[in-house]
Amino acid sequence: MPELKSLRENFPTLSADDAPIYLDNACMTLRPQSVIDAVGTYYSKHPSCGGRSIHRYANQVSQKMADSRRKMASFINSPSAEQVIFTQNTTNSLNQVAKGLSWQERDIVLTSDREHNSNLIPWLQLEREQGIDHRVVTSLPNNLFDMEAFEAACADAGGRLRLVSMPQVGNLDGVEYPIKEIASVAHDHGAMMMVDAAQSAPHMPLDVQRMDIDFMAFSVHKMLGPSGVGILWGKEELLQDMRTLSAGGETVKWSEYEDLEWAGIPHRFEGGLSNYAGIIGAGAAIDYLEKVGMQRIHEHETKLNGILTNGVKDLQGISIIGPEDAKLRGGICSMLLDGFEAHELAIVLDESANIMVRSGMHCVHSWFRSRGIEDGSLRASCYFYNTEDEINTMVETMQELHSVLF
Ligand SMILES: Cc1ncc(COP(=O)(O)O)c(C=O)c1O
C-alpha cells in the first residue's frame, strides 16, 4: 500500500508551486490525475451518449457507465448494481426520494437538529405543499445523537411515522450518527430509513446491507470524483415502487400517445442524456479510493483532527462545535469565533497563509439561527492527502493570528 504522503504527487493542485493547504474537503475534495484523465478520455476519445446508440463510441460509453455502476455498488456493498442510480448530487438524490414517495397528510418524517439544508428543505417544502408532519430530534448538548429522545419521538409519532432521514456524519461538526441502531429503531416502528451519506461515503467504509437502511444519498465530488455527480441507492422493492422525478428519454420501455410502460431501475430515474464524463470519472474515483483504503482514510483524518483540536481548543474566544474529543468528529474541526468574523478569518488564512477553509453556516442555518449565531463558524476539514506538517502550520497560524486579532 503506498504511503499517504506519496499520493500527493497524483494531485495536480498539490504538486503546483503554490499548492495550498487545502482544508475544505467537506465541501469538495481535490481530484487525482486518474480522475481528470478519465474525464478527458471521454471527451477526447468517445464523446457520445450511453445506453442509446449502438455505434462504437456509444458502446464504449455504455460499457464504462456500467463499470462505474458496478464499482459503486461494490463500494457500498449493494446487493445489485441496478440499485445504484446516478444523480447530480446528494441534494438531487434526497429530493428524488422525498418527492418520489407518496405521502398522506400528517405522515411523520423525523430528521435531526443538525441537518444540511438538503435534508431539511425538501421536508419543509412537503410540509407546506402536502401537509406532512416534519419533526426534529434534538441532539445532546455536545451534539452527540440522543437515542432516548429519538426513541421517544418514534413512540410519540406512533403509526404515522413513515420515514427517518438522518446524516451518517454531520457536516456542521463531523459528529457520527449511530445509523445501524437508528435504522433498527425506525424499522421497529414500521418506518423507512434514509441516510445522507455525503460526509461519510468519502471518509469511511460503508455497507448498506450491514446498516440495514432503505435509501442512501451521497455526492461523488466530495470523494475525488467529478463535479455534479451524485448517487442514490435504495432497496430494490422501494425503488421499484417509487415515482421518478425525471420522466423522459430512457425512462420507459415504450410509449404511445396515450400510454407508456416504465423502464425498470435504475433507468426510470436517469431520464435524459447524462453527465457521462462525470459518471466515468466516478468509477476512476472509486478505483483510487479502494487503493487508498477507506479505514486508513478514516484513521488518518481523525489523527490529524486530534492535532488540530489540541492546538486550538484552549485559545480564548475559540470554541469547537461538538464534543472536544476529535475521535468523535472524524476529520472536521468547526470553530466558533468570539470577537472575529469567520469569513474575515477565512480570507486572512487564504491570503496570508495559503490555507483554504470554509466559513459561514455550511448550509446548516437552522442550527446557527436557533442559537442566535450570526456569522457561522470556521470549518477545517481534512482528507487523506493532508499531512501532519500542514496541520501543524494551520495550528501555528491560528495561534499567531489569535495573538494579533482576538
Ligand atoms: C451532510 C451533507 N448533506 C448534503 C450535502 C449536499 O451535497 P450536494 O451539494 O453535493 O448536493 C452536503 C454538502 O456539503 C452535506 O455535507
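**Cysteines, rings and a ligand**

Colleague: Let us start with C49: is C49 buried or exposed?

Modeller: C49 counts as buried, because its relative accessibility is 17%, and buried means under 20%. Please keep in mind that this is a predicted model.

Colleague: And what about C382: buried or exposed?

Modeller: C382 is buried, with a relative accessible area of 2%.

Colleague: How many disulfides are counted, then?

Modeller: The count comes to 0 disulfides.

Colleague: Changing topic to the aromatic rings: how many aromatic pairs does the structure hold?

Modeller: The structure holds 13 aromatic pairs. Among them is the pair of Y42 and Y43, whose ring centres are 4.9 Å apart. The angle between their planes is 75 degrees, and the pair is edge-to-face.

Colleague: Where do those two residues stand, buried or exposed?

Modeller: Y42 is buried, with a relative accessibility of 7%. Y43, by contrast, is exposed, as its relative accessible area is 53%.

Colleague: Why is the pair of W367 and F368 edge-to-face?

Modeller: The planes of W367 and F368 lie at 85 degrees, so the pair is edge-to-face, since angles over 60 degrees count as such. The ring centres are 5.1 Å apart. Both W367 and F368 are buried.

Colleague: Which residues do ring pairs link into a cluster?

Modeller: The cluster consists of F11, Y288, Y383, F384 and Y385, linked by ring pairs.

Colleague: What sits over the ring of W103?

Modeller: The charged end of R162 is placed over that ring, 5.0 Å from the centre of the W103 ring.

Colleague: Now the ligand. How many residues surround the ligand, and which are the closest?

Modeller: There are 13 residues around the ligand, and the closest are T91, D196, Q199, S219 and K222. The shell divides into 2 nonpolar, 9 polar and 2 charged residues.

Colleague: What lies 2.5 Å from an N or O atom in the side chain of T91?

Modeller: That is an oxygen atom of the ligand. A polar backbone atom of T90 is 3.2 Å from an oxygen atom of the ligand. For Q199, a polar side-chain atom lies 2.7 Å from an oxygen atom of the ligand.

Colleague: How much of the ligand's accessible area does the protein cover?

Modeller: On its own, the ligand has 390 Å² of accessible area, and the protein covers 88% of it.

How values were computed. Residues numbered from 1 in each chain as written. Predicted model: local features only at pLDDT ≥ 70, side-chain atom pairs only at ≥ 80, totals over all residues. Heavy atoms only, no water. Phe/Tyr/Trp six-rings, centres within 6.5 Å; stacked < 30°, edge-to-face > 60°. Buried < 20%, exposed > 50% of the residue type's maximum accessible area, 1.4 Å probe, protein only. Lys NZ or Arg CZ within 6 Å of the ring centre and 35° of its normal. Disulfide = S-S within 2.5 Å. Near = heavy atom within 4 Å. Polar contact = N/O pair within 3.5 Å; in protein donor to acceptor, adjacent residues only side chain to side chain. Areas by Shrake-Rupley, 256 points an atom, 1.4 Å probe, with all protein chains shown as cover. Nonpolar A, V, L, I, M, F, W, Y, C, P; charged D, E, K, R; others polar.
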